[in-house]
2 protein chains.
Amino acid sequence: MARIALLGGTGAEGLGLALRFGIAGEDIIIGSRQQQRAEQAAQRLRTMLRDAGAPCRVDAGDNAAAVAAADTVALSLPYEGVEPTLAQLGSALAGKLVLDVVNPLVFDRGMFRILPIAAGSAGELIQQLLPRSPVVCAFKNLSAKQLLDAPQQLRGDVLLCGDHADAKRYVVDLIRRIPVLRAVDAGAIGNAQHLESITALLMNLNRRYKTSTSVEVLSLEQLDSKS
Amino acid sequence: MARIALLGGTGAEGLGLALRFGIAGEDIIIGSRQQQRAEQAAQRLRTMLRDAGAPCRVDAGDNAAAVAAADTVALSLPYEGVEPTLAQLGSALAGKLVLDVVNPLVFDRGMFRILPIAAGSAGELIQQLLPRSPVVCAFKNLSAKQLLDAPQQLRGDVLLCGDHADAKRYVVDLIRRIPVLRAVDAGAIGNAQHLESITALLMNLNRRYKTSTSVEVLSLEQLDSKS
């Protein structure tokens, strides 16, 4: 199995993904701008994985060390962290699979909205900034709360997109190793804006109905469903 | 029950909605720029409604006559028809509920994409152009094919949004009278761009998987589900 680094792995979304990836059998590297915070998150993750009976290896490091040690790097960053982080790490990411989990959202006039991005979406911006890395957008719509605290409530489709078929195949296989979730390949990376828009919609529904929603595409029975 | 006019009611999406609204017990007025086309579509609709055992009244007229006779006006137009149509009919629509079914899509470089709109979305543009009409965005994500030809395959959530609570209540009640479909009020009209983005995503999935998809929001059990 591959080693997956999570940049922004100390936040709830990153740590929740690391937990699911670890249970799926991947070795994990928690990255952070501050090595000490990465170490604390890795220690918490080891405890959760031990409780889950998953014996994967968990390391920690600053972002550059995490990237250097990984085959796959998940960007679980706030949107405003994308450009500075990639300016620093872009060349180290060349040739590695980059998993984009970023949602460019802003809370404005009572609701979550998508920030306008000249590239069309966070996913397309990241692919433009990393021309030598295959970028796959996925996991944008899953709630950190369900990933981290309530795996029994984790359900729905993981919509993904990207322009690199081999990289998408790896991510689809990773999703298949996470119980209940179904991978839905939406096609080219131009779909990233739709995935990001769905996150904004779900977060508005979560506020309105005091719940933690996810989404399922109906009439896709030809895809391998595990539910 | 109200009388619903469908502008663009001669197209598959408009006629499919008219069929579902008629079966739900509403009287229908098919509107078109050409009265003769409206009459032909109305005749086809009467036959379908008779076959479905639904005794609602169906009239036809040019767009201005259809608006004048209706309490609720559904805009089932191509996006490029919105501004010219509303320039002509805007004052006649004052005080009437306007149901926005428009998807501002373009097929470009192999996929459906959202057209950039300064107002944020077709829904917000329509509400700006019609300040004296309560606008509700709904039914954007349902496929014309399922609405018109395959009611037994019609399933999923009807996501809706708008800034006028009374108008949304009427639309929620209308959706509840259509078998299987569930109404999901997403909140303010600023969500329209997310609904329109979902349509683009579903159309890309339809092309990729040769099917006719719809969408369901999970973990909203507190809403009245009829499925």
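Contact here means heavy atoms within 4.5 Å. By that rule, 42 residues from chain B and 42 residues from chain A take part. The model is predicted: local features need pLDDT of at least 70, side-chain atom pairs count only at pLDDT 80 or more, and totals for chains, interfaces and linings use all residues. Residues are numbered from 1 along each chain as its sequence is written, chains are lettered from A in the order in which they are written, and side-chain values use heavy atoms, with hydrogens and water left out.

Start with the area. Buried area is the accessible area (1.4 Å probe) that two parts lose on being put together, summed over both. Between chain B and chain A it is about 3200 Å². Carbon and sulfur atoms give 57% of that.

Next, the charged pairs. A salt bridge puts a side-chain nitrogen of Lys or Arg within 4 Å of a carboxyl oxygen of Asp or Glu. The rule finds 4 across this interface. One joins R208(B) to D185(A), at 2.8 Å from N to O.

Which elements of chain B each supply at least two residues of the side that touches chain A? They are strand 7 (111-114), strand 10 (182-185), helix 8 (192-209) and strand 11 (214-218). Helices (H or I, at least four residues) and strands (E, at least two) are DSSP runs, numbered from the N terminus. Helix 8 of chain B gives the most, with 12 residues.
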